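Please look through the sequence and the model shown here before reading on. The report that follows goes from the strands to the cores and then to the helices.

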Amino acid sequence: MDFLEGIDAHWLWVTFGLVLAALEMLVPGVFLIWFAVAALITGLLTGLFDLSVTMQVIDFAFLSLIAVFSARRFFIEKPIESADPLMNQRGARLVGVNALVVQAIEHGSGRVHIGDSEWIARGPDTDIGQRVRVVGSEGAILLVEPITLIAADTAEPAA
């Protein structure tokens, strides 16, 4: 490693930290940035106090642990709120949508048509051609109720 002889150790740590920070942008996940922070701080401390190689490695290890566990604790206490919490839950996004029964719902299972796709549906027995409303989902299976039942539940009682 003759090519490293003329370079100060603190510049190696700073370069290592910047490389880790750049990799954080390329690699999915939020973990390399904390090692980058530890490397940058190690570079700063090495430049200020002229630490030995052993102390630099120990410093980096402890700063990495501190950064990772501090970030973990912070994100547990204050999680990042998603702008669209149902982004990858297509069935949950369909709650409240009306659908057309294309395969009769018999013994609690059938198929419904929504938009340009068909979904497996569970609910009370319903004939082909009837309209249903999605009231929930279990994975890729939609839970439905006939619209007539929904209208009957919300009707005013006769006086």
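Which residue in strand 5 does Arg 122 stand opposite? The residue opposite Arg 122 is Leu 143 in strand 5.

## About the model

This is a predicted model, in which local features need pLDDT of at least 70 and side-chain atom pairs count only at pLDDT 80 or more, while totals for chains, interfaces and linings use all residues. Residues are numbered from 1 along each chain as its sequence is written, and side-chain values use heavy atoms, with hydrogens and water left out.

## The barrel and its strands

A closed barrel of 5 strands runs in the order 1-2-3-5-4, with mixed pairing. From one strand to the next, the twist averages 50°. Strands here (E, at least two residues), like helices (H or I, at least four residues), are DSSP runs numbered from the N terminus, and two strands pair if DSSP finds at least two bridges between them.

Strand 5, residues 141-146, pairs with strand 3 in the parallel sense over 3 bridges, whereas strand 4, residues 131-138, pairs with strand 5 in the antiparallel sense over 6 bridges. Within strand 5, Pro 146 is the bridge partner of Val 132. Strand 4 and strand 5 form a hairpin with 2 residues between them, and Gly 139 in the turn has a positive phi of about 70°.

## Ile 120 in strand 3

Ile 120 lies in strand 3, which covers residues 117-122.

Not counting residues up to four places away in sequence, Ile 120 touches Ser 109, Gly 110, Arg 111, Ala 140, Ile 141 and Leu 142, where contact means heavy atoms within 4.5 Å. Gly 110 is 10 residues from Ile 120 along the chain, and the C-alpha atoms of the two are separated by 5.9 Å.

## Two nonpolar cores

A nonpolar core is a set of buried Ala, Val, Leu, Ile, Met, Phe, Trp, Tyr and Cys residues joined through side-chain atoms within 4.5 Å. The largest nonpolar core has 12 residues, including Leu 94, Val 101, Trp 119, Val 132 and Leu 142. Strand 1 (98-106), strand 2 (109-114), strand 3, strand 4 and strand 5 are the elements that give two or more residues to this core, and its largest share, 3 residues, comes from strand 1.

Leaving aside neighbours within four places in sequence, Leu 94 is in contact with Ile 114, Trp 119, Val 134 and Leu 142.

## Helix 1 and helix 3

Helix 1, residues 9-26, and helix 3 pack at an angle of about 25°, with their axes 12 Å apart. Helix 1 is therefore roughly parallel to helix 3, a label for angles under 35 degrees, while those over 145 count as roughly antiparallel, 65 to 115 as roughly perpendicular and the rest as oblique. These axes are lines fitted to C-alpha atoms, for helices over the stretch in contact, and angles run from 0 to 180 degrees between N-to-C directions. Ala 9, Trp 13 and Phe 16 in helix 1 meet Gln 56, Val 57 and Phe 60 in helix 3.

Helix 3, residues 53-77, also holds Ser 64, which counts as buried because its relative accessibility is 6%.

Key:
Buried means under 20% relative accessible area, exposed over 50%, partly exposed in between (1.4 Å probe, protein chains only).
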